[in-house]
Amino acid sequence: MEPHNVREHQPDTSTRDADVTAEGYKKTLTRRHVQMIAMGGAIGVGLFMGAGGRLATTGPALIFSYAIAGVIAYFLMRALGELIMYRQSSGSFVSYAGELFGAKGAFLSGWMYVLNWAMTGIAELIAIGLYFTYFFPGVPVEAAALCALGLLIAVNLFSAKAFAEFEFWASFLKVAAIVLFLCIGTYLVVTNAQVGDGHASVSNLFAGEGGMFPRGFMITILVLNAVIFAYNAIELVGITAGEMEDPAREVPAAIRAVVVRIVVFYVGSVTLLAMIVPWNQYKAGESPFVTVFDQLGWGWIGGVMNFVVITAALSSCNSGLYSIGRVFRAMANNGHAPQWLTKMNKRYVPYAGILAIGGVYFVGIILNVWLGGTYAFDLALNTASIGVLFTWGSIFACQLMLRKKRGKVSSLPMPGAPYTSWAGLIALAIITVLIGFDTLTGPGGEVFPLGLYTIACIPLIAVGLWIGWQKAKHNTAKSELYS
């Protein structure tokens, strides 16, 4: 049944184009858009910047961490694919949670996804500001971040196609940079090229005490929380489904191919990084790719990689504005967010939702000026990972419930169901527990219990959700939306 209030604040239906959906969105995203959005969404700062610090912490064993996370991501996308081919919706997993688990399910999945992107977007914008100072040292970080935010809001407000074009070219640049590195890195290893004081070689994976596990085997599991966050936004293809020109053709192609490519990019890049330069020569706060090229004597590549990192962060934040704008509107239609968030402009864009999340980002940037610091930044990212884990868990749970209530009704069934979805849920639950063991080493060698502070945020989040639900449930008590 169509959600109540779904036709409020939409463009005039008397002039609606034939390619406009019942939800009020125009089908403008083509196959090239979908493929690049799905592939580029999960290739961001987590790889271009974060992999260096994780290599320094974990050693070559990080390869296995990315591989394990890649397997989870693959099954996640297959579960999402089954849901999408059952019914396309720009509300994506929020809509599925509502249909399959009722109003409370939609409320929880929606607001946890908002939490994820609220924290992620702020962190990405601050990162843009920091990297921008590489080119223009005199520009304040917050000024660059606010300019980036203004640009992205303008792109998203123009049209869904404008968002898709921006994301296509940003993703193209990221993918091209990774492919180029894979080619150069493979050549360096095959030719045993000199890099710094050593040589690129497979033996670098096993050099030193402990071999591939210099910090022990358990670190491979403990770091999964951060690695899973690197795959964040892979689920974006679910939200774009409602605006695809031909989802029946585009979704299966994206689901089947994209995850494999992303795992190759992540696992392949980390493997080559560990082969080219010993793991203990990488460091947090510096792109591992910059580290490699600096040791090759190609220092000029640092500027290129910083530009790629900025592009990756812009792409990630762009995805956040797009996805939360649609999710906010779905939530408002369900009575789980203010009704003004249902408003659309004449270009079929949910401008109210986009401006709302943009406002959150603006406040976050300003607060960073007062409350900034390494610990606050990392705590925000860890808190965002809770939202990621919950979102992924809700997708697995929805796939299980779809099979239970409707049977095998999708044209893209989840392989190995229900066991694969249960395995995904168990893995995510274990990773959530492991968050509590995360630590951060400060400049003076002091150890900050980052994981404990993150876990401490969970009761606060739960209380906030409970209070919100007490108000929102009255808006859906008489609705037939979830019947």
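Reader: Trp370, buried or exposed?
Author: Trp370 is exposed, with a relative accessible area of 65%. The cut-offs, with a 1.4 Å probe and protein chains only, are under 20% for buried, over 50% for exposed, and partly exposed in between. This is a predicted model, where local features need pLDDT of at least 70 and side-chain atom pairs count only at pLDDT 80 or more, while totals for chains, interfaces and linings use all residues. Residues are numbered from 1 along each chain as its sequence is written, and side-chain values use heavy atoms, with hydrogens and water left out.

Reader: OK, and which helix is Trp370 found in?
Author: Helix α15, residues 351-371. Helices here are DSSP runs of H or I with at least four residues, strands are runs of E with at least two, and both are numbered from the N terminus.

Reader: Which residues make the nonpolar surface patch?
Author: Phe362, Val363, Leu367, Val369 and Trp370 make a patch of about 510 Å². Patch members need over 30% relative accessible area and no salt bridge; nonpolar side chains (Val, Leu, Ile, Met, Phe, Trp, Tyr) are joined within 5 Å, like charges within 9 Å. The areas come from the Shrake-Rupley method with a 1.4 Å probe, and for residues only the protein chains shown count as cover.

Reader: Switching to charges. How many salt bridges does the structure hold?
Author: There are 4, where a salt bridge is a side-chain nitrogen of Lys or Arg within 4 Å of a carboxyl oxygen of Asp or Glu. One of them joins Glu165 and Arg32 at 2.3 Å, N to O. Glu165 sits in helix α8 (residues 160-190) and Arg32 in helix α1 (residues 31-41), so this pair ties together parts 133 residues apart in sequence.

Reader: What does Glu82 meet in a salt bridge?
Author: The side chain of Arg403, at 2.7 Å, N to O. That pair also links distant parts of the chain: Glu82 is in helix α4 (residues 62-86), Arg403 in helix α16 (residues 374-406), and they are 321 residues apart.

Reader: And is Glu82 buried or exposed?
Author: Glu82 is buried, at 1% relative accessible area. Arg403 is partly exposed at 22%.

Reader: Which residues are linked in a network of salt bridges?
Author: Arg87, Glu99 and Arg406. Within it, Arg406 and Glu99 meet at 3.0 Å, N to O. Arg406 is in helix α16 and Glu99 in helix α5 (residues 92-101), 307 residues apart. Glu99 counts as buried at 15%, whereas Arg406 is partly exposed at 36%.

Reader: Now rings. How many aromatic pairs?
Author: The count comes to 17. Rings of Phe, Tyr and Trp (its six-membered ring) pair if their centres lie within 6.5 Å; planes under 30 degrees apart are stacked, over 60 edge-to-face, and the rest tilted. Phe64 and Phe213 are a stacked pair, 5.6 Å centre to centre with 10° between the planes. Phe64 is in helix α4 and Phe213 in the loop between β2 (198-199) and α9 (218-222), 149 residues apart.

Reader: Which residues form the aromatic cluster?
Author: Phe48, Phe181, Phe289, Phe293 and Trp298 form one cluster.

Reader: Last one, overall fold. How many helices and strands?
Author: The chain has 18 helices and 4 strands. Its radius of gyration is 22 Å, close to the 23 Å from the globule rule for 483 residues, so the chain is as compact as a globular protein of that length. The radius is taken over C-alpha atoms, and the rule is 2.2 Å times the number of residues to the power 0.38. Buried residues make up 58% of the 483.
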